[in-house]
Amino acid sequence: MKKLIMAIIFVGITGSSYGQNFNWRSVNEQNPNMVYSGFGYDFGMTAQVGYGRFIQTIRPLLLTFDYSMPMGHRLTDDFKMRIGGQVELYKKNSFAVAGKVLGNFRNHNTSLVRISSFGGEFSLVTGYFKPTFYAALEVSADGAVVSYLKHTSLMKDNYPEIQDGWYLNNGAHYFYGVQAGKTIGQSYDANLRFGITNARGKEGDVLPAYFQLGLIKRF
């Protein structure tokens with residue numbers, strides 16, 4: 001039974017896990033706001049929209065909030081919301097290192113169960129940043145800390161002993177990849193992100209890779 005529950009949760013948390021590609025040299029305090037969108041493959045075809053605000057504190061800081069969903073015929077049954085920030089930790093000439101911490105909430109519905117999960121995402125990005133382009137390497141971890149499972153009557157009819165409730169430490173994915181971006185005109189940035197994924201434990205992904213195209217509007 002425990003293996004069955006953990007398998008259900010693992011399927012549920014393999015929703016979109018997009019990070020926000022961002023060029024630290026293309027923003028400034030005169031245009032601190034941005035809206036962004038993206039689509040690509042991340043355990044399925046997904047789309048994302050979001051808002052960010054740049055703040056110059058002791059270290060440059062970007063606060064973000066975004067919403068992502070699979071590109072299926074029902075756009076509201078599965079989704080993920082994230083809120084958090086990233087900070088430029090180190091800079092020397094055009095070389096920079098940035099860290100990101102985001103909290104996330106996922107909702108995943110199937111004919112067997114509805115999974116609602118709270119988790120976190122942590123990333124480290126390091127690379128070469130210029131005002132009109134950048135290229136960087138990234139390492140990320142994304143996992144669900146606690147999940148609530150509400151099983152359907154179909155599931156309970158087949159497994160009468162299964163229980164609804166909260167479950168802790170439900171799995172995670174690790175991401176290793178490359179991201180790059182190019183400024184277009186005065187206020188747009190196009191970006192690309194791709195790499196491989198690795199699930200924690202013995203769980204495996206059907207296609208252990210991710211790919212994203214994105215566009216940022218600064219204002």
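Which side chains meet in a salt bridge of 2.8 Å, N to O, with one partner being Arg25? The legends below start with the overall fold and then turn to this pair.

**Figure 1. Overall view of the predicted model.** This is a predicted model, in which local features need pLDDT of at least 70 and side-chain atom pairs count only at pLDDT 80 or more, while totals for chains, interfaces and linings use all residues. Residues are numbered from 1 along each chain as its sequence is written, and side-chain values use heavy atoms, with hydrogens and water left out. The protein has two helices and 11 strands; these are DSSP runs numbered from the N terminus, helices being H or I with at least four residues and strands E with at least two. Read from the N terminus, the order of elements is α-β-β-β-β-β-β-β-α-β-β-β-β. Of the 219 residues, 47% are buried (under 20% relative accessible area; exposed is over 50%, partly exposed in between; 1.4 Å probe, protein chains only). The protein exposes about 11,000 Å², of which carbon and sulfur atoms supply 66% (Shrake-Rupley method, 1.4 Å probe; for residues, only the protein chains shown count as cover). Among contacts (heavy atoms within 4.5 Å) with a separation of 6 or more, 59% are between residues 24 or more positions apart.

**Figure 2. The salt bridge between Arg25 and Glu88.** The side chain of Arg25 meets that of Glu88 at 2.8 Å, N to O. Arg25 lies in the loop between helix H1 (2–13) and strand E1 (33–42) and Glu88 in strand E4 (residues 79–92), so the pair ties together parts that are 63 residues apart in sequence. Arg25 is partly exposed, at 21% relative accessibility, whereas Glu88 is buried, at 2%. A salt bridge here is a side-chain nitrogen of Lys or Arg within 4 Å of a carboxyl oxygen of Asp or Glu, and the count by this rule is 10.

Figure 3. Arg82 and Asp66 form a salt bridge through their side chains (2.8 Å, N to O). Arg82 belongs to strand E4 and Asp66 to strand E3 (residues 60–70), 16 residues apart, and the pair links distant parts of the chain. Both Arg82 and Asp66 are buried. A network of salt bridges links Asp66 and Arg82 with Lys100 and Glu121.

**Figure 4. The salt bridge between Arg218 and Asp189.** The N to O distance between these side chains is 2.7 Å. Arg218 sits in strand E11 (residues 209–218) and Asp189 in strand E10 (residues 188–199), distant parts of the chain 29 residues apart. Arg218 is buried at 6% relative accessibility, and Asp189 is buried at 6%.

**Figure 5. The largest nonpolar core and the surroundings of Trp24.** A nonpolar core is a set of buried Ala, Val, Leu, Ile, Met, Phe, Trp, Tyr and Cys residues joined through side-chain atoms within 4.5 Å. The largest one has 14 residues, and Phe22, Trp24, Met34, Leu62 and Phe129 touch the most other members. At least two residues of this core come from each of E1, strand E5 (95–109), strand E6 (113–129) and strand E7 (133–151). Leaving aside residues up to four places away in sequence, Trp24 touches Phe54, Pro60, Leu61, Leu62, Gln86, Val87, Glu88, Ala98 and Phe129.

**Figure 6. Asn93 in the loop between E4 and E5.** The phi of Asn93 is near 55°, a positive value in a residue other than glycine. Asn93 is exposed, with a relative accessible area of 66%.
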